[in-house]
Amino acid sequence: MSKKLVIHTFIDAFGYEIYRHYPCFLKGIVTNSKPLKSVLGFTNTCLPSILSGQYPQEHKQASLFFHSDDSPFKWMKPLSFLPGFFNRFRVRNILSKIVKKLHNYTGYFQLYSIPFDKLGYFDFTEKKDYFVPGAPFNTIFDYCVQNNIDYHCSNWRKSESENLKAIKQDIKEEKVNFAWLYLPSLDGTMHTHGTTSDTTRARVAYLDKELRAVYEEALEHYDEVSFYVFSDHGMYDVTTGYDLISDIEALDLEYGKDYVAMYDSTMARFWFKNETAREKITKALSLVKEGSILDDDDLKRVKTYFEDGRFGELFFLMDPKVMINPSYFGKNLIKGMHGYHPDAKGSNAAILSNKKIDDSILSITDIRKTMEQELAG
Ligand SMILES: [Zn+2]
């Protein structure tokens, strides 16, 4: 019997409002729960915040794509002249894998629906796998190596059931004192089916059952088990789409010559090549009632301010429940979405535990503290 096991379980998009909808989740095991403020952006920004304890302007992973004159994707432009076949999801998926291999990217890489003639204006943030020590920012895995803590880490390339099996095996062998369990599937389920559908309810029930089994296994092999379940952000049911790209394209400006834009599902980011473009686009955006411009003060407040404007000289964020549609991340309106303002209630992440959660734990950037406190104790 080994002494203590600290388990930190990440469930993508299991926000506090979602947890409130499924109050039986881990009932009898978790004794404490609270909402956590998320950060501006998507999972690829939230996860670095969780692993490092830093805000986007500190870990610098504020978005997957950023404008660069030195884009590694310039060679893809001719693909935009080829028949629609190349734009199909499956083909894009294969192309993503080729690009990943070509550039030796070890992180998660997807071309999504970014048009081939626009990709050449961007570079990509997540080039390195941040679930292994030596990521571009300090993670809990670096901390474990530095402090000689034996740990288990899910393999994000594998399925949830494989990862659940793997953690139970390591627990049985009593080899580790810290475990990072990665469960991303609920996010996809809620994107497709919404937050309260039968499919989502079934997925939550599945996770509940599996996590109870992990916890039971841990109790059998360790004297003390500190069990944490948390998320990166919440999820809203989408009510409407807004065609922001058409608004901007109606302005008689030329993409690449006058401006560059990245259209995420809920956020548009602009870089300007001249003042006319800046004025015209700012004016057009100010007329859109379904969202708002985030000025420098807003960005500073959510700690996503970059003086060099690398992630955008202008940010436009949709209101909760509204999606930019179509966007560079998808052509169809889907049922669930996140990536809204961190102040919006439904954006809140959650933390649940069988241990007391300190009053100072308020944001997803504080989850790292709960790991270190447990591992020091
Ligand atoms: Zn998602």
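Is Ser38 buried or exposed? Ser38 counts as buried, because its relative accessibility is 5% and buried means under 20%. The model described here is predicted.

Ser38 sits in a loop. That loop runs between β2 (32-36) and α2 (43-52).

Which residues does Ser38 touch, leaving aside those up to four places away in sequence? They are Cys46, Asp232, His233, Pro342, Ser347 and Ile364.

## Helix α7 against helix α9

Helix α7 covers residues 160-172, and helix α9 covers residues 198-221. Their axes come within 9 Å. They cross at roughly 15°. Angles under 35 degrees count as roughly parallel, so α7 is roughly parallel to α9. The crossing of α7 past α9 is right-handed.

On the α7 side, the contact uses Glu160, Ser161, Leu164, Ile167, Lys168, Ile171 and Lys172. On the α9 side, it uses Arg203, Tyr206, Leu207, Glu210, Ala213, Val214, Glu217, Ala218 and His221. By class, the α7 contact with α9 holds eight nonpolar, two polar and six charged residues. An α-helix has 3.6 residues a turn, so residues three or four places apart point the same way. Among the α7 contact residues are Leu164, Ile167, Lys168 and Ile171.

## Helix α8 against helix α9

Helix α9 also packs with α8: the two axes come within 9 Å and cross at roughly 170°. Angles over 145 degrees count as roughly antiparallel, so α8 is roughly antiparallel to α9. From α8, the contact draws on Ser185, Leu186, Thr189, Met190 and His193. From α9, it draws on Thr199, Thr200, Arg203, Val204 and Leu207. The residues of this contact divide into four nonpolar, five polar and one charged.

Arg203 and Leu207 of α9 meet α8. Arg203 and Leu207 are also listed in the contact with α7.

Which residues of α8 (185-193) are buried? They are Leu186, Asp187, Thr189, Met190 and His191. Leu186, Thr189 and Met190 also belong to the contact with α9. After α8 comes Gly194, with a positive phi near 90°.

## Cysteines

How many disulfides does the structure hold? It holds zero. A disulfide is a covalent bond between the sulfur atoms of two cysteines. Cys144 is in no disulfide. The nearest cysteine sulfur to that of Cys144 belongs to Cys153, 9.4 Å away. Cys153 is in no disulfide either, and the nearest cysteine sulfur to it is that of Cys144. The cut-off for a disulfide is 2.5 Å, so the 9.4 Å between these sulfurs rules the pair out.

Cys144 counts as buried, at 1% relative accessibility. Cys153 is partly exposed, with a relative accessible area of 23%.

Cys24 lies in the loop between α1 (16-21) and β2. Cys24 is exposed, because its relative accessible area is 54% and exposed means over 50%. Not counting residues up to four places away in sequence, Cys24 touches Asp208 and Arg212. Cys24 and His103 are 79 residues apart in sequence. In space they are 45 Å apart, C-alpha to C-alpha.

## Backbone exceptions

Most residues other than glycine have a negative phi, and most peptide bonds are trans.

Lys60 is not a glycine, yet its phi is positive, at about 65°. Lys60 belongs to the loop between α3 (56-59) and β3 (65-67). Its relative accessible area is 38%, so Lys60 is partly exposed. Lys303 has a phi near 55°, a positive value in a residue other than glycine. Lys303 belongs to the loop between α12 (296-301) and β13 (314-318). Its relative accessible area is 32%, so Lys303 is partly exposed.

Which two residues does a cis peptide bond join? They are Asn325 and Pro326, with omega about 0°. Pro326 is found in the loop between β14 (322-324) and β15 (336-337).

Definitions and conventions. Residues numbered from 1 in each chain as written. Predicted model: local features only at pLDDT ≥ 70, side-chain atom pairs only at ≥ 80, totals over all residues. Heavy atoms only, no water. Axes fitted to C-alpha atoms, helices over the stretch in contact; angles between N-to-C directions. Helix = DSSP H or I, 4+ residues; strand = E, 2+ residues; numbered from the N terminus. Parallel < 35°, antiparallel > 145°, perpendicular 65-115°, else oblique. Left-handed = near helix turned anticlockwise from the far one by under 90°. Contact = heavy atoms within 4.5 Å. Nonpolar A, V, L, I, M, F, W, Y, C, P; charged D, E, K, R; others polar. Buried < 20%, exposed > 50% of the residue type's maximum accessible area, 1.4 Å probe, protein only.
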